[in-house]
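Please read it alongside the sequence and the coordinates.

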Amino acid sequence: QVQLVESGGGLVQAGESLILSCAASGSIGSLDTMDWYRQAPGKQRELVAMITRGGATNYADSVKGRFTISRDNAKNMVFLQMNSLKPEDTAVYYCHADIRRAPVTRGYWGQGTQVTVSS
């Protein structure tokens, strides 16, 4: 019923930029907090950035000053602008959304998009 689809991943060199997009569709109810996570091979999934319904943001220390999360509530989309990319940013990036359908709020995941940063 709910689908999150990421796009924008790819292969870039260190110092370059990418923009990731995530579109929510289906029986989404009310989109609350939306997030970006990433998972590198052999590593645990980690929270990269989050944005509330009202636009408040929070970032992992490793990406502060380089990444910017934003959302378009009218389009049910969330974005991640990634600048000054480093090899350690290489991971599969996942979109996550909290969707409220009273009285229950559930988290949903996208399929992931690969970001590879070469040195």
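Two strands are taken to pair if DSSP finds at least two bridges between them. In this predicted model, strand 4 (residues 30–39) and strand 5 (residues 46–51) run antiparallel and are joined by five bridges, one of the contacts being that of Arg38 with its bridge partner Glu46 in strand 5. The two strands form a hairpin with six residues between them, and Gly42 in the turn has a positive phi of about 75°.

Strand 4 also pairs with strand 9 (residues 91–101), again in the antiparallel sense, over eight bridges, and here Tyr37 has Tyr94 as its bridge partner. Nine of the ten residues of strand 4 are buried, so the strand is largely enclosed by the rest of the structure.

Among the aromatic residues, a search of the whole structure finds two pairs. Tyr94 and Trp109 form an edge-to-face pair, with 6.4 Å from centre to centre and 90° between the planes; this pair links distant parts of the chain, since Tyr94 lies in strand 9 and Trp109 in strand 10 (residues 104–109), 15 residues apart. Together with Tyr37, these two residues form one aromatic cluster. The accessibility of the paired residues is as follows.

| Residue | Relative accessibility | Class |
|---|---|---|
| Tyr94 | 18% | buried |
| Trp109 | 36% | partly exposed |

Tyr94 counts as buried because its relative accessibility is 18%, and the cut-off for buried is under 20%. Finally, Arg45 lies over the face of Trp109, at 4.2 Å from the ring centre.

Technical notes
Residues are numbered from 1 along each chain as its sequence is written. This is a predicted model: local features need pLDDT of at least 70, side-chain atom pairs count only at pLDDT 80 or more; totals for chains, interfaces and linings use all residues. Side-chain values use heavy atoms; hydrogens and water are left out. Buried means under 20% relative accessible area, exposed over 50%, partly exposed in between (1.4 Å probe, protein chains only). Helices (H or I, at least four residues) and strands (E, at least two) are DSSP runs, numbered from the N terminus. Rings of Phe, Tyr and Trp (its six-membered ring) pair if their centres lie within 6.5 Å; planes under 30 degrees apart count as stacked, over 60 as edge-to-face and the rest as tilted. A charge sits over a ring if NZ of Lys or CZ of Arg is within 6 Å of the ring centre and within 35 degrees of the ring normal.
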